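Okay everyone, thanks for coming. Let me put the structure up on the screen, and we'll walk through a few bits of it together.

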Amino acid sequence: MDSPLRNDVVTPFGPGGWGSLGADGSRRSADVAVVGAGISGLVAAERIAATGRSVVVLEARADRVGGRLESAEHNGLVVDLGGACIGAAHTRTRALLDDLGIGMWRAHSGGVRLTANDSHGWGGTARLRRRAVRLDIQRAERRLAALTDAIVPATPWTAPDAARLDERSLGSWADAVTHSARSRATLRSILTNVLCAEPDSVSLLHALFYLRAGGGLAPMIRKDGGAQQDLVVGGSQSLATALAARLGDSVVLGAPVSRIVQERGRVRVESDAVVVDAASAIVAVPPALGSRISYEPSLPAERDRLVRRMRIGDAIKAVVIYDDAFWRHDGMNGEAWGTTLPFSFTHDVSQTDGSPGVMAAFFVGPRATAARLLAPPARRQLVLDGLERSFGPQGAHPIGYMERDWSAEEWSRGGYGTVMPPGVWTRWGTALREPVGLIHWAGTETASEHHGYIEGAVQAGQRAAAEILQTREHKTAVA
């Protein structure tokens, strides 16, 4: 029987009883207060704690750490409802996994990928039409790669002609460089899947930054040698739980931060559960959530305008479980995408032997917005209909189904990518990573490498920790 859609299907991997202080206004002191126990905040906290300094991490969720890394269990099988993949070039994350003693396995890539569009027939005309579309898209991708090469990810606003690139939307550029409605729709679909947002809402400069930060479009969508190469044994959330275990009761759950006050050379981070008095703070939550915090004194106008205009992508991830990865028997690699499928794309995330079979199906951008309007049973049926169409009748008969709507999730409010609309990077982008007094910024949205990935979250956490440690060392030396 299929698993029901109730929340009790999802068994979050929480950290036990860490930091359960209650809502009694408890006070703590620390060298550094960290807001957010996602991977970025935990990496920063662990780096700081390793130097002998004290740290307190405040996490809004009452039941788990990990942020947008969420692993769940179905009949003993662990699957990822959030970020999952470790790329070949994700060296920081790979080193972290090795340090924590957590293994990986290679995602299945052998076989044929399914592309579903509105082509009809198999005759010579249809073949020529498909070939023309493919060549048109390849030309557009080469032009995109040439533009990407000029971007410095740490400072995209310094690119040649940055203002012009930033004023233009990615969608208008894609429309201009393609020569048919079909190739235009296909290119837009590829870019939406990568960016987690509709190309019309993204500045061309941001798209170029995102692609350059990720190593280029081709590696970002590839498994072997690319960003989708490996999966984490025990689920990706195990990175967060292992880091939190090292930090022990320095992690406080159920503590959404409402206010951060800087006064007299100290910073006070306030939540109902605990108030932390610290020398420095790191805010490691998505910018949309960070903007809900009250800051005293107020943030600089540039920072405030930046975060209020950044748009977090829209994403729903469904995980569908079968007795085995039956699509492999038919020579399919489990990847399906196209303009006529109900979801945006799929990935085979089964273990190496394919037993059981696990398929991840994603709705991103406008498709996520539309799917959210459906009742959960109807959305489930939409996924199964698409999998049946893509991989055959067995797709309609799973033994388990789980999903996570990341835009509806209270403490995420969006998917794997945050984008800059036209005009934002060149007006206010310099404020993205710039500390504000004693407050430093982390989270994958602030990464200059592999922005939007687990690797980006690790890089950003390490950078924020280094900023604080270098500042404190400088103060000590001066004193």
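So, which residue does arginine 404 form a salt bridge with? It's glutamate 70, and the closest N and O atoms are 2.8 Å apart. Keep in mind that this is a predicted model. That pair ties together distant parts of the chain: arginine 404 is in strand β18, glutamate 70 is in the loop between β2 and β3, and they sit 334 residues apart. How accessible is glutamate 70? Its relative accessible area is 3%, and anything under 20% counts as buried, so glutamate 70 is buried.

Now over to another pair. Arginine 259 and glutamate 296 make a salt bridge at 2.7 Å, N to O. It links strand β9 with strand β12, 37 residues apart. Here arginine 259 is partly exposed at 24% relative accessibility, and glutamate 296 is partly exposed at 33%. These two also belong to a salt-bridge network with Glu263, Arg264, Arg268 and Glu270. Across the whole structure there are 30 salt bridges.

Last stop, helix α9, residues 237-247. Eight of its 11 residues are buried, so the helix is largely enclosed by the rest of the structure. Among the buried ones are Leu239, Leu243 and Leu247.

Key
Residues numbered from 1 in each chain as written. Predicted model: local features only at pLDDT ≥ 70, side-chain atom pairs only at ≥ 80, totals over all residues. Heavy atoms only, no water. Buried < 20%, exposed > 50% of the residue type's maximum accessible area, 1.4 Å probe, protein only. Helix = DSSP H or I, 4+ residues; strand = E, 2+ residues; numbered from the N terminus. Salt bridge = Lys/Arg side-chain N within 4 Å of Asp/Glu carboxyl O.
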